[in-house]
Amino acid sequence: MKPLPEPCNSEHQKKGSSAAAPGEMPSAEEAKAPPGNTELRTESPAQVNGFSVPQSSVTGAAASSPPSPAHSANPQLPREQWGGKYEFLLSCIGYCVGLGNVWRFPYLCYRNGGGVFLIPYFIMLFFTGMPLFLMELSLGQYGAAGPITVWKCCPLLKGIGIGMLCVSTLVCLYYNVIIAWTFYYLGSSFQSPLPWSCDAIANAKLCRNNTNGTLSPSEFFWNERVLGVSHSTGLSNPGPVRWQLALCLLAAWVIIFLCMLKGIRSSGKVVYVTATFPYLVLVVLIIRGATLEGSLQGVAFYLTPVWGRLANAQVWNDAASQIFYSLGIGVGGLLSMASYNKFDNNVIRDTLVITIGNCATSFFAGFAIFSILGHMAWRKGVPVEKVAISGPGLAFVAYPEALALLPGSVFWAILFFLMLFMLGVDTLFGNMEGITTAVLDEFPQLRSNMKYKTLFLGLLCFGFYLMGLLLVTNGGIYWFTLIDSSSTSFGLIIITLFMCLGISFFYGVNQFCQDIVDMICLCPPWCTKVLLYFKACWVFFTPFLLLFILTYIFIEMYRTPLKYGQYIYPLWGKALGVCMGAFCCLQILIWATVAVSKESGTLKDRFQKAIRPLNSWRVNNLNGSTQEQHVEPERIEGPYTVNLTEVDFTAMAWESSEA
């Protein structure tokens with residue numbers, strides 16, 4: 001256990017003086033002893049597992065024994081920490097507040113009953129989003145480890161960390177393509193008039209013949225100039241790579257590489273700009289939108305309640321999926337960023353600030369989106385629902401077209417796409433941090449050598465770039481949609497469900513709550529009361545709601561075809577998407593089997609050993625400052641007790657029978 005501030009030290013000294021009960025976490029002193037080594041205590045007379053041993057022989061053995069490998073052969077490297085609590089908060093807010101807040105939440109809100117949608121949305125936030133968010137932050141901060149290494153607390157569940165890594169890999173693969181599209185639009189925004197507006201000479205014919213069967217200038221620019229989707233027939237015929245997008249994708253990965261080169265020391269400074277700039281842009285867009293004709297109709301369409309929608313299961317599923325989509329739960333980014341926190345950081349306070357702030361941003365962004373879409377509908381003389389769409393279509397078709405109608409359209413377009421770029425980069429930081437932290441924790445030699453770490457990060461970004469080239473072909477949007485819909489579907493829900501059940505029933509929800517109290521140390525009264533609420537969620541409410549979401553996803557997957565526009569995905573394409581999700585969640589079963597097979601005894605004994613925390617679990621809480629205070633076993637002088645392991649005791653009995 002990492003040493004705590006002074007008021008908490010006496011409590012931990014009491015814990016260390018008593019043996020851990022079966023199924024409980026080992027005490028701090030027990031955790032310091034590496035597996036297979038003897039545990040040293042200051043006690044008299046000297047005994048070995050109940051057998052009297054001459055004290056001189058024990059003392060001599062201790063004096064002649066080599067240094068403990070836990071402290072000299074493989075020393076614990078100091079772990080980086082955030083430069084301040086605001087860096088962590090801004091990084092988490094930037095990670096959570098992403099493109100989904102701008103292009104997904106407002107659309108879901110109007111489609112599912114306007115203001116009524118906020119009821120299931122906040123219910124899902126309080127009973128699934130917040131509890132799982134706190135669970136990830138607490139695991140990462142307490143274990144000071146990434147998504148894989150942190151499961152030393154329960155080796156049976158190591159597959160959850162591997163599954164998170166798989167999901168995060170798929171998300172990083174397609175998410176930077178969005179940033180590449182944003183780059184392309186940002187570069188095009190420096191032209192006057194905008195190339196997707198009716199003022200552009202190339203679009204004069206489209207604007208004159210703008211009927212129901214003709215593409216609008218913004219649709220033509222998106223489908224033909226950016227995607228080239230008309231030159232592809234589907235998944236089986238992606239066509240050549242579009243070199244403009246390939247260059248934009250390369251620039252995006254170079255920026256990500258440079259920002260993450262020095263780990264949180266560099267990305268922690270970048271978020272001061274990337275996490276705050278989008279809020280400035282949203283405020284400016286809301287003020288501008290409020291002055292436009294027709295903006296009130298757009299806002300009314302956004303918020304008008306339709307109470308009958310509450311009885312529809314899809315509304316509740318959309319609310320839950322939006323919570324997962326926007327908070328970034330289950331992909332390892334939160335866990336990794338929290339692992340660089342100070343041990344006594346108040347994770348409960350951070351959870352409340354970040355989750356409520358994220359959802360408030362989603363609601364706030366709806367006013368910026370629908371006020372300008374309302375003006376666009378007024379200019380065209382059509383209902384608002386005719387121009388309100390979701391996903392890339394909102395960010396790259398409807399909203400740019402609305403911006404083109406404003407005076408000073410070039411300025412507003414540059415501002416909007418800069419905001420999209422900042423939102424995308426922050427979210428990608430979190431996902432990439434989950435991958436790099438997991439690998440660096442498994443191979444700590446990379447962390448200590450800047451040359452090797454740079455080479456690893458460079459190869460990782462270049463590998464993602466090469467794989468992402470498939471998504472910037474003429475038919476890349478079909479592959480983009482497939483990966484997007486598959487990576488965050490049932491696989492992600494299963495991973496978070498097992499994480500919740502594993503911590504609650506295998507590690508122990510009481511032990512987990514105690515770990516949180518130990519971290520906060522001087523826990524104010526409101527924290528302990530809130531923790532009781534989270535405890536009830538982890539044990540009952542959150543697993544129940546996750547099962548509901550999972551059931552609905554499987555039903556929809558069976559009866560709803562996957563499509564993009566008018567293109568319906570073939571059966572083999574849909575099966576490929578299912579395989580992506582299944583591959584992520586199957587890691588739980590595979591690595592649980594590995595963990596059980598490594599143990600000895602009956603199946604029940606193997607299972608019980610596999611859910612028991614490793615001796616090195618709490619050792620991960622050591623950092624540079626605490627290592628100086630750590631007492632080396634070789635410096636302890638007798639008289640003391642030496643407790644051997646079960647293997648050593650069996651070996652003693654075998655030697656006596658041989659004699």
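I looked up helix H25, residues 525-559, and found 35 residues reaching 49 Å from the first C-alpha to the last, close to the 51 Å expected at 1.5 Å a residue. The expected span is 1.5 Å times one less than the number of residues. Helices here are DSSP runs of H or I with at least four residues, numbered from the N terminus.

I note that this is a predicted model, where local features need pLDDT of at least 70 and side-chain atom pairs count only at pLDDT 80 or more, while totals for chains, interfaces and linings use all residues. Residues are numbered from 1 along each chain as its sequence is written, and side-chain values use heavy atoms, with hydrogens and water left out.

I checked H25 for a bend and found about 55 degrees at Cys-537. The bend is the angle between axes fitted to the seven residues ending at a residue and the seven starting there.

I then counted disulfides, meaning pairs of cysteine sulfur atoms within 2.5 Å, and got zero. For Cys-96, the nearest cysteine sulfur belongs to Cys-92, 6.2 Å away. For Cys-500, the nearest is that of Cys-537, at 8.9 Å.

I looked up the largest nonpolar core, which has 199 residues. Such a core is a set of buried Ala, Val, Leu, Ile, Met, Phe, Trp, Tyr and Cys residues joined through side-chain atoms within 4.5 Å. Helix H9, residues 158-188, gives the largest share, 21 residues.

Trp-538 is among the residues with the most contacts inside this core. Leaving aside neighbours within four places in sequence, I found Trp-538 in contact (heavy atoms within 4.5 Å) with residues including Cys-500, Phe-512 and Pro-543.

Notes:
Helix = DSSP H or I, 4+ residues; strand = E, 2+ residues; numbered from the N terminus. Buried < 20%, exposed > 50% of the residue type's maximum accessible area, 1.4 Å probe, protein only.
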